[in-house]
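Subject: Structure handover

Hi,

Here is the structure I promised to pass on. My notes follow below it.

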Protein chains: 6
Amino acid sequence: MRILVVNVNTTASITETIAQQARAVAAPGTEIVGLTPYFGAESVEGNFESYLAAIAVMDRVMAYDQPFDAVIQAGYGEHGREGLQELLNVPVVDITEAAASTAMFLGHAYSVVTTLDRTVPLIEDRLKLAGLYARCASVRASGMAVLELEEDPLAAMEAIVRQAERAIHDDKAEVICLGCGGMAGLDEQIRQRTGVPVVDGVTAAVTIAESLVRLGLSTSKIRTYATPRPKKVIGWPGMFGR
Amino acid sequence: MRILVVNVNTTASITETIAQQARAVAAPGTEIVGLTPYFGAESVEGNFESYLAAIAVMDRVMAYDQPFDAVIQAGYGEHGREGLQELLNVPVVDITEAAASTAMFLGHAYSVVTTLDRTVPLIEDRLKLAGLYARCASVRASGMAVLELEEDPLAAMEAIVRQAERAIHDDKAEVICLGCGGMAGLDEQIRQRTGVPVVDGVTAAVTIAESLVRLGLSTSKIRTYATPRPKKVIGWPGMFGR
Amino acid sequence: MRILVVNVNTTASITETIAQQARAVAAPGTEIVGLTPYFGAESVEGNFESYLAAIAVMDRVMAYDQPFDAVIQAGYGEHGREGLQELLNVPVVDITEAAASTAMFLGHAYSVVTTLDRTVPLIEDRLKLAGLYARCASVRASGMAVLELEEDPLAAMEAIVRQAERAIHDDKAEVICLGCGGMAGLDEQIRQRTGVPVVDGVTAAVTIAESLVRLGLSTSKIRTYATPRPKKVIGWPGMFGR
Amino acid sequence: MRILVVNVNTTASITETIAQQARAVAAPGTEIVGLTPYFGAESVEGNFESYLAAIAVMDRVMAYDQPFDAVIQAGYGEHGREGLQELLNVPVVDITEAAASTAMFLGHAYSVVTTLDRTVPLIEDRLKLAGLYARCASVRASGMAVLELEEDPLAAMEAIVRQAERAIHDDKAEVICLGCGGMAGLDEQIRQRTGVPVVDGVTAAVTIAESLVRLGLSTSKIRTYATPRPKKVIGWPGMFGR
Amino acid sequence: MRILVVNVNTTASITETIAQQARAVAAPGTEIVGLTPYFGAESVEGNFESYLAAIAVMDRVMAYDQPFDAVIQAGYGEHGREGLQELLNVPVVDITEAAASTAMFLGHAYSVVTTLDRTVPLIEDRLKLAGLYARCASVRASGMAVLELEEDPLAAMEAIVRQAERAIHDDKAEVICLGCGGMAGLDEQIRQRTGVPVVDGVTAAVTIAESLVRLGLSTSKIRTYATPRPKKVIGWPGMFGR
Amino acid sequence: MRILVVNVNTTASITETIAQQARAVAAPGTEIVGLTPYFGAESVEGNFESYLAAIAVMDRVMAYDQPFDAVIQAGYGEHGREGLQELLNVPVVDITEAAASTAMFLGHAYSVVTTLDRTVPLIEDRLKLAGLYARCASVRASGMAVLELEEDPLAAMEAIVRQAERAIHDDKAEVICLGCGGMAGLDEQIRQRTGVPVVDGVTAAVTIAESLVRLGLSTSKIRTYATPRPKKVIGWPGMFGR
């Protein structure tokens, strides 16, 4: 089985980190293909960048010319998953939803610890639309920008642990979700520091995508995610990024 | 005052219809500028098309080289308003929210009558995120595609009236919102046929945009809609549509 | 166009402040008529006083013997708007709802800063019934009584700014609504002090009322706000206040 | 113990019906005093009439010159209970809330069958504010006006049973609340016809009021229902109805 | 009338405390019978113990061989009430719901002060399912285990008062519910210390059970709480506890 | 890896059907062990039976004397999962939640088709507590009892398809969940008949349990699901079923 793991930003090193994290949990026989969008921002931390990422991810996936069995959109709180579901017949898994869905099997309430404060409302809104917000204790910002996670991993770790502990003690979270694709790989350390299960969205998404494929399940095409109607579209595909 | 009214699809005749509708209610001294995106679908009836429209609208507005005082995004249930709010310092008004917000001053519950069934969840989701859903009695599809509204206005009128009446009698709506930018101009007839107030999102948005400008109010820049952080963005602006 | 702006308390100086504030934003050609109820409390800060205000406002409007195009109920969190909607055929705008509805075009979440703690639940309840509460970050009390706003405007300003800042930093509000008709005129200073948009309900309501009139829209008479059925009513109108 | 049962309309025969119903369940030693407001409508079926009733009930209770232990406001879905709670130190029980609260001990979901369609939103709104709506399956109108209940009891019974059966079968109600003070006495027949428990708000309220008195509990005066602050009130009490 | 008051744990002294508390408010002619389950935990502070209590309470009630008119399940936040409702034709009252339902007649919002932090989610979940959570300001843990309430009543009192005061000042509660059957008898002291009404679930449940019996009302058997279908059940009744 | 799949009723043939269904999707190297409770009802269709099943499942799992890596509770809408989570350190997956969680990756809204009408509220309540109800379009009863599914599979299929089609067309479901452990194996046929994805809770639960084990995640022990405190428990374990 081949799963495309698509980064939402254009920083190739983050794509690589994400793909490695995905490979670490993939079942034998699962091939993980990491993809970087052809256009967009070097990191996604707001609505403009997130909307741009939405079509950049669709563009990149549509440009991929080999068969594949599932797609993972590896951005936390980003737009676009619904569009991919319309364009494809294979399952699409968003890491925000994968993490929340997994966390809900592990504790009564979960919190998300993410990067900058400005991204908190995006994540909350995506969780609300996904119907996964009722048991969300809080979404907290560590104050670390996406690229700082790579540049200063020690400071990032401390900042994330600090907010995770506040989530646990003040907000009554029992599980922590790492709220950024770029936090891949920090889960084990944070679990040791906080004493609660820590869910990384990328690895959670890999197991969910594999599960859907194994169960023979894919996106319902009966209404919301039906294939787009045939119509004249100017500027897509073919004009973006290539 | 100059207000940009941006269509979400690439059909220029619809832009013209919308702009005329806007001009009909604009205050003396308000200039309405209708804009058609440089790229995207001829009509927007789903998530892929809507996400494409989101950036196409941002692209078109950023390419406009004259000063302006407010922007109206003239697509019903579409993505993108939050991105415009980040990029601009002037008020941004989405017609979905303008219509709902206006309807709530007129009756205890309102319904939206839109085009195709597949767009219903998009509209519901936008209203939920906007916090304007609590008094929404229903979102109903007339079954008419966006372009059919232009091609067969009589059939469209009948289909819309039929659903409006069901909304009133079955769902207990007291106000009807016309759920498509392309329905501009049908409000008076539908009011006469149904006996309830009918809100057109475009005209409602014009008065709201004018009001915000007159009150000296614009988007809060303190958190969610802060200007995007300076960072490397590949493929924007300058590569799209021009 | 003539708009009646009705104070909810019997203090004429507050009526005058409100009317001046309304006139400052009214469009050319809009006449603002300030009305003070014939009976009720000198300030409204609780349910008994608010219920009394509800009928006092209806009484005062029904006693007005000139034509008018819209009515603004200028009390924050007060009862009664629904009764006016039944009695009248012109639009009725409540300043609590006008402020919230306007704030929602400006930021992801808004807070209300009001007078006494005891009025907080009234405001919350009105916003909940109005379906405008989902994006309300908080309703906070400054601790200043209504009449103290006039008597000690400097202290009032400080107390309001203090709560506005807590709303912004602790509750994540991005817009502040001034939660008392008597706070009219403070908006610009508070905006400068806090850095976020500040919405005054009276001026917001004026633009909304004007907009509804211009759009030819008024209260739906089909169900909730139908004209009262003809029946014997003892003690109304004619026994109150005249 | 003396309990005041206050009608919300000015029709004395309805007061008498209600008081008799109350006496039928009152404990030995409980004196039921039926009161008719000095002003207001002969029946209450909308917001204007309901707001008028709100102060008429307060006026009537304040004019009562004997000691009493509790007050029951015997109107379904009416305004005013919060004002009474501010003015009094004894418990205040609203029959809408008494019925819903009681019904929730009897089945998984309850419905209310009331009089005219126009009163349905009032009842729904009161239940929502009371926090008793989550298990409400529906509020249904029988189409019978309040006074028709007295004039044509047989037709009323049939109309109520018809809606009760639809509530049970279509809306999955397991308990029926009689949504009008004037329906007092119909509960037993409707229970026999429908096979589910039927709750009359007046009798439910009597047992709740007695219980609160016996438990030594009354309205919390710490915040929302604190006694009104001393201030100048024009036109209350003393000018109404006497 | 005979009311069974069933403890959820197997500590007989707590049964006795509860029964005495119940008798103190029971009407003349009401006999209170305290029952202790034949099996289960000495105190119930978690889900395993609560599920065990659920069937232990059913077992104990089914083993009672005299007629009775109502049953009170005297555990706060425990499972099982729905099962009793299926097995019995007389009313069943849970003290968690009795307390919340009563508190809602007394103030705008209530809080529960319970024993250990781990029981807080159980209570919240029961209140949510009961549809009585909308006006719950908070559920707070005193940190005292159930058995410590008996062993060190002075420390318990202080710990409960401390949390009650935080509920009042921080969470805006206007009424306090004592969140443990074993807190019976502390209500008056806590009321004096905090200045707000304090509701004990056991006494509230007694008056509600008596009221339902007097009103001739019992559990609806039409759907959710219909008598179990005749089927082969291994291990019940007859194998438990006797 | 060894996964215990525990039936909630005492009918061994249903345990076998469930276990076979689980084995059909289990990964190579996963051993599925089907367990039948030692006590309880031959089918679980209501609260009494479900509470009994709750402890019977705990009892059966605690009596299992070999190591295992995860537990699946194979009853739809049943009580007890929280208790298992307290008693065990390995992941516990409830099939109700597994099905809903999986369905939410496949469509905008899902419906559950279950057995008898009386079980509908149990399923709804479990989904609400699990925070998975927001995107539930409906829970519908086929009218077939659990044991009839085995006795008359053709009739069961028709009844399920009929309700699934109503869920799709009337309630706007895009995915169907099979709401009974005993429906295992019908998913493919129903998918072909309805054209939408059909989720079987047992197979979904197997992939989720395997995923949690692979990810090294298990129940958070920090609060709600902490191991029960050491205390005297009469009648557990050791007196039930052995």
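How many residues of chain F are in contact with chain E? The count is 49 residues of chain F, against 49 residues of chain E. Contact here means heavy atoms within 4.5 Å.

First, the ground rules. This is a predicted model: local features need pLDDT of at least 70, side-chain atom pairs count only at pLDDT 80 or more, and totals for chains, interfaces and linings use all residues. Residues are numbered from 1 along each chain as its sequence is written, chains are lettered from A and ligands numbered from 1 in the order in which they are written, and side-chain values use heavy atoms, with hydrogens and water left out.

The interface of chains F and E

The two chains bury about 4200 Å² between them, 59% of it on carbon and sulfur atoms. Buried area is the accessible area (1.4 Å probe) that two parts lose on being put together, summed over both. Phe48(F), Tyr51(F) and Arg118(F) supply 19% of what chain F buries against chain E, more than any other three residues.

There are 10 salt bridges across this interface. The rule asks for a side-chain nitrogen of Lys or Arg within 4 Å of a carboxyl oxygen of Asp or Glu. One pair is Arg229(E) with Glu45(F), whose closest N and O atoms are 2.8 Å apart.

Several elements of chain F each give at least two residues to the side that touches chain E, among them helix H2 (47–63) and helix H5 (120–129). H2(F) has the largest share, eight residues. Helices (H or I, at least four residues) and strands (E, at least two) are DSSP runs, numbered from the N terminus.

Strands cross over too. Strand E3 (residues 40–41) of chain E pairs with E10(F) in the antiparallel sense, over two bridges; pairing requires at least two DSSP bridges between the strands. Ala41(E) has Val233(F) as its bridge partner in E10(F).

How the copies relate

A rotation of 180° with 0.0 Å of shift along its axis superposes chain F on chain E, with RMSD 0.0 Å. That is the relation of a two-fold axis.

Elsewhere

Over all chains, the structure holds 90 salt bridges. One of them joins Arg214(B) and Glu210(C), at 2.5 Å from N to O. This pair crosses from helix H9 (residues 201–214) of chain B to helix H9 (residues 201–214) of chain C.

Best wishes

How values were computed:
Least-squares fit on C-alpha atoms with pLDDT ≥ 70 in both.
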